[in-house]
Amino acid sequence: MTWIPADWTFRSDAVAERFDKHVRESLPWYDLATFGTAHFVRCFLPSGGLVYDIGASTGNIGRAVADVLATRGGSLVAIETAQEMADLWNSPGTLVVADACDYEYEPFDVAVLFLTLMFIPVRKRRPLLDRLREFCRPGGVIIVVDKTPLPSGYLGSSIHRLTLAQKQAAGISSQEIAEKELSLSGVQRPLDNELGDGWTEWLRVGEFAGFIYEGRAAQS
């Protein structure tokens, strides 16, 4: 019996238990993107600053920034909606099991949404991002890593096949790749125009990209 649910959900013990291994098999650049995100946290987190890890899963980002949090006396609040993922969370900071779209944010220096927005309903993305921009302190940043729309035509097909080839090269069976793709139907949707203006792209690997928003832009 496959561990992949018919409709993808993180509210599954089987998914949560396999998450850290599976995501690195599916996305070979996962640790590179984690390293880049941690780098920007180091660049923008002041002494005593606050980091939000939104969609924290098992604590990947928190573990990556543990040293800078300790060195600068910073704090991290991790927000995770699935209790099954939260049960496996292992990171510095404080974990809150809540819907990120309903959470009452405080002024912060860094917010990270690492492979998170694509699992949030489209209608809720822009309101969430607007709230985060409102609470981002001058000099702070919002960091996003997420799936993006493909270009049209054969180029788009080729880029999608790059993702499939990466998974196959990592040893994932064709059956599992197909099951996962179908499972994600209607649950995982790429970003469209939700980010709006003021974002800078800092990472691009096929269908996925990293973006950063500087809080100073909101103060101009």
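Which residues does Thr 34 touch, not counting residues up to four places away in sequence? Thr 34 touches Asn 60, Ile 61, Ala 64 and Phe 114, where contact means heavy atoms within 4.5 Å. The model is predicted, so local features need pLDDT of at least 70 and side-chain atom pairs count only at pLDDT 80 or more, while totals for chains, interfaces and linings use all residues. Residues are numbered from 1 along each chain as its sequence is written, and side-chain values use heavy atoms, with hydrogens and water left out.

Thr 34 is found in helix 2; helices (H or I, at least four residues) and strands (E, at least two) are DSSP runs numbered from the N terminus. At 5% relative accessibility, Thr 34 counts as buried. Buried means under 20% relative accessible area, exposed over 50%, and partly exposed in between, with a 1.4 Å probe and protein chains only. One of its contacts, Ile 61, lies in helix 3 (residues 60–64) and is buried, with a relative accessible area of 3%. Leaving aside neighbours within four places in sequence, Ile 61 is in contact with Thr 34, Thr 37, Asp 53, Val 112 and Phe 114. Ile 61 and Leu 76 are 15 residues apart in sequence, and their C-alpha atoms are 10.0 Å apart in space.

Helix 1 comes next. Its 14 residues (13–26) should span 20 Å at 1.5 Å a residue, and its end C-alpha atoms are 19 Å apart, which agrees; the expected span is 1.5 Å times one less than the number of residues. Helix 1 bends by about 65° at Phe 19, the bend being the angle between axes fitted to the seven residues ending there and the seven starting there. At the start of helix 1, a side-chain oxygen of Ser 12 reaches to within 3.3 Å of the backbone nitrogen of Ala 14. Val 15, Ala 16, Phe 19, His 22, Val 23 and Ser 26 of helix 1 are buried. Their cover includes helix 2 (30–44), helix 5 (83–86), helix 7 (153–169) and helix 8 (174–183).

The largest nonpolar core has 33 residues, and those with the most contacts inside it are Val 41, Val 110, Phe 114, Leu 115 and Ile 143. A nonpolar core is a set of buried Ala, Val, Leu, Ile, Met, Phe, Trp, Tyr and Cys residues joined through side-chain atoms within 4.5 Å. Helix 2 gives the most to this core, with 5 residues. Val 110 touches Val 41, Phe 44, Leu 45, Leu 50, Val 51, Tyr 52, Val 141 and Ile 143, not counting residues up to four places away in sequence. Apart from this core lies another, of 26 residues, among them Phe 108, Leu 129, Leu 195 and Tyr 213.

Two loop residues have positive phi values. Phi is near 50° in Ser 57, which lies in the loop between strand 1 (50–54) and helix 3 and is buried, at 9% relative accessible area. Phi is near 55° in Leu 115, which lies in the loop between strand 4 and helix 6 (122–135) and is buried, at 13%.

The structure holds 0 disulfides, a disulfide being a pair of cysteine sulfur atoms within 2.5 Å. For Cys 43, the nearest cysteine sulfur, that of Cys 136, is 15 Å away; Cys 43 is partly exposed, with a relative accessible area of 45%. For Cys 101, the nearest cysteine sulfur, that of Cys 136, is 18 Å away; Cys 101 is buried, with a relative accessible area of 15%.

Definitions and conventions
A polar contact is a pair of N or O atoms within 3.5 Å; within protein, one must be able to donate a hydrogen and the other to accept it, and residues adjacent in sequence count only if both atoms are side-chain atoms.
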